[in-house]
Amino acid sequence: MIKLESNWLDLRRLDDLANQKTFIHCLDPCTKLFTTLAFVMIVTSFSKYEITSLIPLTFYPIALMALGNLPYNHLLKRLVVIAPFVVFVGLFNPIFDQSPVANLGPLVISGGWISFISITIKLILTVTSALILVATTGINSICAALFRIGIPKPIVIQILFMYRYLHVLLEEFLITSQAYSLRSFHSSGIHYKAWGSLLGQLLLRTMARAQRIYQAMLCRGFDGEIRLLAMGMRTKRDNIYFVFWLAFFLFCRFLNIPQVLGKLLLEGF
Amino acid sequence: MSHHTIDLTEVLYTYPDGTTALRNLSLHIGHGEAVAIVGSNGSGKTTLLSHLNGVLFPSSGIVNIGGYPVTKQTLTQIRRTVGMVFQNPDDQLFMPTVYDDVAFGPLNLGLPPIDVEKRVTAALKTVGALELRNRPPYRLSGGQKRAVAIATVLAMEPAILVMDEPTAALDPLARRQLINLLRTFTHTKIIATHDLDMVLDLCERTIILCNGTILMDGPTIDIFHDKKLLDQAGLEQPSSMQSCPICSKLG
């Protein structure tokens, strides 16, 4: 359970990071959201055998981490969490796709391995950019941005409430599981027979809480409509930021920079 | 609703599972009074509070707030008049930030943004939590959560404040600050609590509930001097009225 607890603290750490006041943090949430979306779209649009062209795009997350004062270690640690996912997605590529594409001396590299590496780089890039978005913007501002760009309000409110009560639910689960482990001596973890009643309890308590929250909302005049205050303003700085990155992404997309640099180097000598 | 009075006449409430929580309860609370509702667990305190702003409706009998009966038609007006502070602040603070939460009520009242801003600032200033405005509720301490929960209600500018266990789970300092804050309010106050020392500090009148009926209703000081009555209700004298255990041993 210590793992769960540390994950929870990790979540709070992301909040702390989002509360900083750097240049990146002060940008309009919409701008950051669109830039991240553009980045993800560009990265995923590369062909499955592409590796070298993807390399220059790492400049984007690195620059943002530096400008946004984000600790590299912290974000890299979170990437490890998705590592198993990457492995499963790309696992069968080297097995099924064995057409040789390159020779490194006696070593023949198959298309499967190339695409496996490509998938890994793409996943690392996209997940990092999403993490950076959360760590520089915060869930609340992202939700406000989602609402502004026309995502239906009920969905945005769901995300907000989920995030708000995730903390309460986690705390409750931690206490319950602690109470369980203090009175169970047979092993670490929760015995499968106890999961049913444990989760059942949690569900019942959550339903009771939902009822109380609804009452609290009614008491303050809730009429089915949640009114959010408008946040964030698009300024000239935001436009420059977005155009700069979009130009950079497109440049990387349509020009294989490592290849061009290599050619220049070779021609120079 | 110029007179912020509360009248309950022969109120009976039975929960859907068949438990009768209030048995023909009648009481009158006048404008500006500070009244404590005390009683052992399960005596019906929370059920009684829930009737004051239409969270529950009586199975029989009438609840009148400021001369208006609590019905589905008058609910909006009643809830504007009666502000309810819940026992658990986590139930009351559901919005992403403290500011949004305090603004939730005034926005529902349909106030223009500039007035909302004014009310939020004023309410947070009153409870001394203005610097917490941009914090998410889950990053607040117990005392801060309680203060903000009260601010969310104050921002609605109610005439009657109803509080369920306001000092529960507070450390001594936060408790003392809360008592000092509540003392400054001129609202009609109804406080359900087990904290009899706070009652002694804040409420001139006390109502003892026992099994859904009123066991005693009178001046706080008289009630707390009646040990037999307190015993009967499953309560004991506030510690400030008990003789000091160390001194009495020495004596």
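Chain B holds an open sheet of four strands, in the order β2-β1-β4-β5, and the pairing is antiparallel. Two of these strands, β2 (20–29) and β5 (68–69) of chain B, stand at the edges. Each has a single partner strand, so one side of each is left without a neighbour in the sheet. Keep in mind that this is a predicted model.

Look next at how two of these strands join. Strand β1 of chain B covers residues 6–14, and six bridges link it to β2(B). The two run antiparallel. To find a point on this pairing, pick out B:Leu8, which stands opposite B:Leu27 in β2(B). In general, strands of a sheet pair through backbone hydrogen bonds, either parallel or antiparallel.

Start at strand β6 of chain B, residues 82–85. Four bridges join β6 to β7(B), and the two run parallel. Here B:Met84 has B:Val162 as its bridge partner in β7(B). Step on from β7(B) to strand β8 of chain B, residues 188–192. Five bridges hold this parallel pair. B:Met163 stands opposite B:Ile191 in β8(B).

From β8(B), move to β3(B). These two strands pair in the parallel sense over four bridges. The bridge partner of B:Val35 in β8(B) is B:Ile190. Then comes strand β9 of chain B, residues 205–210, which four bridges join to β3(B). This pair runs parallel too. B:Val38 stands opposite B:Ile208 in β9(B).

B:Ala34, B:Ala36 and B:Val38 point one way from β3(B). B:Val35 and B:Ile37 point the other way, and all of these are buried.

B:Glu157 lies in the loop between α6 (142–154) and β7 of chain B. Its relative accessible area is 54%, so B:Glu157 counts as exposed. B:Ala169 is in the loop between β7 and α7 (172–184) of chain B. B:Ala169 is exposed as well, at 80% relative accessibility. Check the backbone angles here. Phi is near 50° for B:Glu157, a positive value in a residue other than glycine. For B:Ala169, phi is near 60°, again positive in a residue other than glycine.

Next, find the place where the chains meet. In all, 27 residues of chain B are in contact with 28 residues of chain A. The size of an interface is often given as the accessible area lost when the parts come together. Chain B and chain A bury about 2700 Å² between them, with 56% of it on carbon and sulfur atoms.

A:Arg209 forms a salt bridge with B:Asp91, with the closest N and O atoms 3.0 Å apart. Two helices of chain B, α3 (89–92) and α4 (98–108), each supply at least two residues of the side that touches chain A. α4(B) gives the most, with eight residues. By class, this side of chain B has 14 nonpolar, seven polar and six charged residues.

End with one residue at this meeting place. B:Asp90 is found in helix α3 of chain B. Is B:Asp90 buried or exposed? At 11% relative accessibility, B:Asp90 counts as buried. Its side chain makes a polar contact of 2.8 Å with the side chain of A:Arg164. Within chain B, the side chain of B:Asp90 also makes a polar contact with that of B:Lys145, at 3.3 Å. Leaving aside neighbours within four places in sequence, the contacts of B:Asp90 are A:Arg164, A:Tyr165, A:Val168, A:Arg209 and B:Lys145.

Note on methods:
Residues are numbered from 1 along each chain as its sequence is written. Chains are lettered from A and ligands numbered from 1 in the order in which they are written. This is a predicted model: local features need pLDDT of at least 70, side-chain atom pairs count only at pLDDT 80 or more; totals for chains, interfaces and linings use all residues. Side-chain values use heavy atoms; hydrogens and water are left out. Contact means heavy atoms within 4.5 Å. Buried area is the accessible area (1.4 Å probe) that two parts lose on being put together, summed over both. A salt bridge is a side-chain nitrogen of Lys or Arg within 4 Å of a carboxyl oxygen of Asp or Glu. Ala, Val, Leu, Ile, Met, Phe, Trp, Tyr, Cys and Pro count as nonpolar, Asp, Glu, Lys and Arg as charged, and the others, Gly among them, as polar. Two strands pair if DSSP finds at least two bridges between them. Buried means under 20% relative accessible area, exposed over 50%, partly exposed in between (1.4 Å probe, protein chains only). A polar contact is a pair of N or O atoms within 3.5 Å; within protein, one must be able to donate a hydrogen and the other to accept it, and residues adjacent in sequence count only if both atoms are side-chain atoms.
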